[in-house]
Amino acid sequence: MKLTVITIAYNSAGEIGRTIESVLAQEQGEPPCLLEYLIIDGASSDGTVAVAESYAPAMEKAGIAYRISSEPDKGIYDAMNKGIRQATGDIIGILNSGDWYEPMAASTAAETFAATGCDLMYANIRMHKANGSAFVKKARQRRYQTSRDWNHPTTFVRAQLYKQYPFRCLGIHDDYGFFLRMRRQGRHIVTVDKVLADFVMGGASNRKSLKAAKKRIMDRYRYCYRINGYSRWYLAECVAIETVKMILG
């Protein structure tokens, strides 16, 4: 199983190094499972590309095909779609700038796809709060689907599905919308009870303001649940998630 990892970035010179180093630190089998690493930058002006380019020798030494592109885009999911179109691996993982993989992420993904024949897998994630504390968010599948059980940075998908069903670029939760689309299609989805990635809280999906929360509620409801045929009752789920974010951070 050959794996492509995609990192999208924009003005993240101070944090992208941590992300890239986690890809370099991946445990490799024989032959190596990690085929290529794509950095899709949105025309950053803060030196992000220069930082990324500084890792080229290390990537070459590790035997990883490393490509960096930098141009304006129409948002994070447009950038992800660009990376997906360029990917040549059998499996694709998307790791945003600032987040990082645990060392066994790539090998676990390759082993899981080979052993189960799944279409999509995801695992546990460690969530880092601004105050320095962290907690583990578990990966689960339940009859009543909720994003509380799903973790995008630990998600790996068969490349042919990402290419056939690109992100719709409708809202800030398009990645979860893709997951629900695969679930409704009856794709073979597997969860792994291991922490495979780390996520720093505080981005667009956690910004504390009533206006931002209302937008996230409607984006999740319309472009994740309703567009994929889920019940109107899922509006309550969307409100509940944002309420918890406002209270607990």
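I will start with helix 7, residues 174-184, which is mostly covered: eight of its 11 residues are buried. Please keep in mind that this is a predicted model.

Which residues of helix 7 are buried? They are Asp174, Asp175, Tyr176, Gly177, Phe178, Phe179, Leu180 and Met182. The cover over these buried residues comes from several elements, among them helix 4 (76-86), helix 6 (159-164) and helix 8 (210-225). Strands take part as well, including strand 6 (120-128), strand 8 (156-158) and strand 9 (189-200). Just past the end of helix 7 sits Gly186, with a positive phi of about 80 degrees.

Now to one residue in strand 8, namely Val157. Is Val157 buried or exposed? Val157 has a relative accessible area of 0%, so this residue counts as buried. What does Val157 touch, apart from neighbours within four places in sequence? Its contacts are Asp90, Ile91, Ile92, Phe113, Asp119, Leu120, Tyr162 and Phe178. Phe178 in that list takes us back to helix 7, where Phe178 is one of the buried residues. As for distance, Val157 and Gly14 are 143 residues apart along the chain, and 28 Å separates their C-alpha atoms.

Next, helix 1, which covers residues 16-24. Its buried residues are Ile16, Gly17, Thr19, Ile20, Ser22 and Val23. What do the buried residues of helix 1 pack against? On the strand side, the partners are strand 1 (3-9), strand 2 (34-41), strand 3 (65-70) and strand 5 (100-101). The helices among the partners are helix 2 (48-53) and helix 3 (56-62).

Last, the whole chain. Its secondary structure consists of nine helices and nine strands. The radius of gyration is 17 Å, close to the 18 Å that the globule rule gives for 249 residues, so the chain is as compact as a globular protein of that length. Along the principal axes, the C-alpha atoms fill a box of roughly 50 × 40 × 35 Å. Buried residues make up 51% of the 249. Among contacts with a separation of 6 or more, 77% join residues 24 or more positions apart.

How values were computed. Residues are numbered from 1 along each chain as its sequence is written. This is a predicted model: local features need pLDDT of at least 70, side-chain atom pairs count only at pLDDT 80 or more; totals for chains, interfaces and linings use all residues. Side-chain values use heavy atoms; hydrogens and water are left out. Buried means under 20% relative accessible area, exposed over 50%, partly exposed in between (1.4 Å probe, protein chains only). Helices (H or I, at least four residues) and strands (E, at least two) are DSSP runs, numbered from the N terminus. Contact means heavy atoms within 4.5 Å. The radius of gyration is taken over C-alpha atoms; the globule rule is 2.2 Å times the number of residues to the power 0.38.
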